[in-house]
Amino acid sequence: MKLIIAYIQPEALNEVKQSLYDAEVFKMSVTNAMGCGQQKGYHETYRGADIEVNLLKKVRLEIAVNDEFVEVTTDAIIKGARSGNIGDGKIFVLDLPECIRIRTGEKGTDAVG
């Protein structure tokens with residue numbers, strides 16, 4: 001089992017969700033996040049004062065999958081999120097040692113689904 005964590009642009013969320021649905025990946029958790037990477041933020045002027053904005057809005061997706069769905073899931077995220085510009089995002093794939101479905105008590109790969 002793996003936990004896939006992806007940080008993407010907020011405007012790419014609908015395309016990523018559609019790409020995941022097309023790949024038959026339906027279970028996910030979505031959270032708003034703030035962060036910066038290679039973009040390093042930007043400057044803007046607000047009421048005459050120069051403001052440096054270095055934390056940009058991102059969306060964090062968390063998807064737990066069985067091992068055979070890792071490549072399908074990451075490919076779907078890339079397909080939906082890639083624009084070719086800096087700031088498209090990152091995907092992290094972590095080992096998931098245990099999963100328990102609360103409703104039924106199922107454990108392991110059966111609980112992930």
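**Notes on strands, pocket and helices**

1. Strand β2 (residues 29–35) pairs with β5 in the antiparallel sense over 7 bridges; strands are DSSP runs of E with at least two residues, helices runs of H or I with at least four, numbered from the N terminus, and pairing needs at least two DSSP bridges. M34 has K57 of β5 as its bridge partner.

2. A word on the basis: this is a predicted model, where local features need pLDDT of at least 70 and side-chain atom pairs pLDDT 80 or more, while totals for chains, interfaces and linings use all residues. Residues are numbered from 1 along each chain, and side-chain values use heavy atoms, without hydrogens and water.

3. Strand β1 (residues 2–8) also pairs with β5, antiparallel and over 7 bridges. Here I4 stands opposite I63 in β5.

4. Strand β5 (residues 56–65) gives the most to the lining of the second largest pocket, with 3 residues. A pocket is an open set of points on a 1 Å grid over the protein atoms alone, where a 1.4 Å probe fits, with protein on both sides within 12 Å along at least five of seven lines; lining residues have an atom within 4 Å of a point. The lining includes I63, A64 and V65, as well as F26 and F69.

5. Which helices cross at roughly 145°? They are α1 (residues 13–22) and α2 (residues 70–81), with axes (lines fitted to C-alpha atoms over the stretch in contact, angles from 0 to 180 degrees between N-to-C directions) that come within 8 Å.
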